[in-house]
Amino acid sequence: MVWNKGEIVSKVTELEKTRAPLAEPLPEITPGIVNLPQMVAELPDAAANRFRRIFHVSETIGRLNPPESMHAWIRGYFGSVDVVVAQRIIKVTNLVTLEGALFNELRARRPMEVRAPSDLVTEARTKTGDPFCHPELGTPDDIFGRVRGKHCITASNIAKYDGFHGLVIFHEHDPLGFNEEQVVDYVNTARAWADEVITCDPQARYFFFMWNCLWKAAASILHGHAQVTMTRDLHYAKVESWRRAAVTYRQTYSNNYFDDLFLAHADLGLAFQVGDVRVISYLTPVKERETLLLAPTLTDPLKRALYRALACFRDQMGVLSFNVALYLPPLAPAPEDWSGFPAIFRLVDRGDPVNRTADIGAMELYAANVIGTDPFYVAHELRKAFGVT
């Protein structure tokens with residue numbers, strides 16, 4: 001049977017009328033921690049599999065029934081009663097390191113506004129006269145003397161964590177008054193201190209650098225300073241746990257854990273790379289806004305990245321109190337397998353210094369970390385700070 005053109009057009013029109021309508025396009029998923037399960041589900045298979053061998057994600061709803069007498073207060077504080085009576089909770093567990101975080105939609109969806117320093121913080125930043133203002137008179141020497149940087153000087157800590165425990169005391173009193181040149185010098189001076197320790201004791205090969213800013217971050221003296229330690233036999237437990245986790249991961253999947261950790265975050269928009277430095281807004285943070293900076297070794301770009309991330313904390317996100325830690329492989333040959341372990345800075349916000357409530361409690365100490373800042377917000381701010389679109 002041969003149809004003419006008119007018959008073909010008529011038949012096509014008839015079929016069009018009977019065909020089922022096309023499905024409505026799926027709504028675009030807004031990047032955010034509360035949408036993490038859906039975001040992972042939308043990843044290509046290879047990326048989703050990589051994510052799921054590192055992270056486990058689950059969600060639940062927390063429900064409550066507030067009395068009428070509370071409604072006005074709830075609306076004033078949270079905007080509406082509805083957002084309180086059913087709250088989405090996202091639980092993320094790092095299956096490799098067994099770190100965990102709980103994100104509450106009610107808190108995580110709202111980035112904290114930039115805070116103005118209180119009079120108490122202003123006084124802490126400006127009031128001089130502490131022992132660190134005159135370190136050569138107010139602090140002891142290490143047994144090898146002092147290391148002098150352009151913007152800092154070392155001292156021996158008078159109440160030690162370990163056999164070698166020193167201070168990097170900043171010439172700048174204001175603990176938040178740092179610039180890029182100063183931050184690079186602080187890290188370089190700390191690393192030079194470690195070389196002096198190795199000369200004295202080659203077995204003290206495991207180096208640790210920490211920076212506690214203001215009392216909320218456990219700084220007992222507010223004058224700007226960092227701390228440095230060297231330990232023997234085995235690295236500190238939390239560093240060693242990451243090393244062992246990375247070794248097990250490589251043996252299981254034949255991949256470098258830190259490469260896959262970066263890619264798992266980058267696939268979701270939570271990580272980016274600038275030169276040899278990888279920046280991650282971490283999905284299982286120890287506390288608010290935890291950021292990881294990774295490079296193959298302790299390079300100058302990594303030190304400068306530390307400044308940029310801290311400046312982002314301070315200037316863009318209003319962070320006044322923070323902790324920094326540096327994870328490094330041993331500085332002298334060691335019996336353990338450290339292959340593929342990068343240099344890592346960990347940075348975390350410790351909360352408002354004038355808030356009398358501690359930022360950690362029994363949950364953080366003994367269960368999982370409760371987080372109120374969306375890592376996707378942190379990643380957005382970090383991208384701006386690093387000029388990454």
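In strand S13, select Ile371, which is the bridge partner of Phe103. The structure on the screen is a predicted model, and this pair of residues is the starting point of the tour.

Next, select strand S3 (residues 100–104) together with S13; the two run parallel and are joined by three bridges.

**The nine-strand sheet**

Now select the strands of another open sheet, whose order is S4-S5-S7-S6-S11-S12-S10-S9-S8, with antiparallel pairing. Its edges are formed by strand S4 (152–156) and S8; because each has a single partner strand, one side of each lacks a neighbour in the sheet. From one strand to the next, the twist averages 20 degrees.

Strand S8 (residues 271–274) pairs with S9 in the antiparallel sense over four bridges. Ala271 has Ile280 of S9 as its bridge partner. These two strands form a hairpin with two residues between them, and Gly275 in the turn has a positive phi of about 65 degrees.

Is strand S9 (residues 277–281) largely enclosed or open? Four of its five residues are buried, so S9 is largely enclosed by the rest of the structure. On to strand S10 (residues 291–295), which pairs with S9 in the antiparallel sense over four bridges. Here Ser281 has Thr291 of S10 as its bridge partner. Continue to strand S12 (residues 343–349), which pairs with S10 over five bridges, again in the antiparallel sense. Select Ala295 and then its bridge partner in S12, Ala343.

Select helix H10 (residues 237–253) and helix H11 (residues 257–266). Their axes come within 9 Å and cross at roughly 90 degrees. H10 is therefore roughly perpendicular to H11. Where do the helices meet? On the H10 side, show Trp242, Ala246 and Tyr249; on the H11 side, show Tyr257, Phe258 and Asp260. Of the residues in this contact, five are nonpolar, none is polar and one is charged.

H10 lies across strand S6 (206–212), S10, strand S11 (322–327) and S12, and runs at about 55 degrees to S11. H11 lies across S8, S9, S10 and S12, and runs at about 55 degrees to S9.

In soluble globular proteins, nonpolar side chains tend to be buried together. The largest nonpolar core here has 58 residues, and those touching the most other members are Trp193, Phe207, Phe209, Trp211 and Phe345. Helix H12 (residues 300–316) supplies the largest share of this core, nine residues.

Centre the view on Phe345. With neighbours within four places in sequence left aside, its contacts include Val187, Phe209, Leu302, Leu306 and Val324. Apart from this core lies another, of 45 residues, including Val34, Ile54, Ala246 and Ala325. Finish at Ala246, already selected in H10, where this residue is part of the meeting with H11.

Note on methods:
Residues numbered from 1 in each chain as written. Predicted model: local features only at pLDDT ≥ 70, side-chain atom pairs only at ≥ 80, totals over all residues. Heavy atoms only, no water. Axes fitted to C-alpha atoms, helices over the stretch in contact; angles between N-to-C directions. Parallel < 35°, antiparallel > 145°, perpendicular 65-115°, else oblique. Contact = heavy atoms within 4.5 Å. Nonpolar A, V, L, I, M, F, W, Y, C, P; charged D, E, K, R; others polar. Core = buried A, V, L, I, M, F, W, Y, C linked by side-chain atoms within 4.5 Å. Buried < 20%, exposed > 50% of the residue type's maximum accessible area, 1.4 Å probe, protein only. Pairing = 2+ DSSP bridges.
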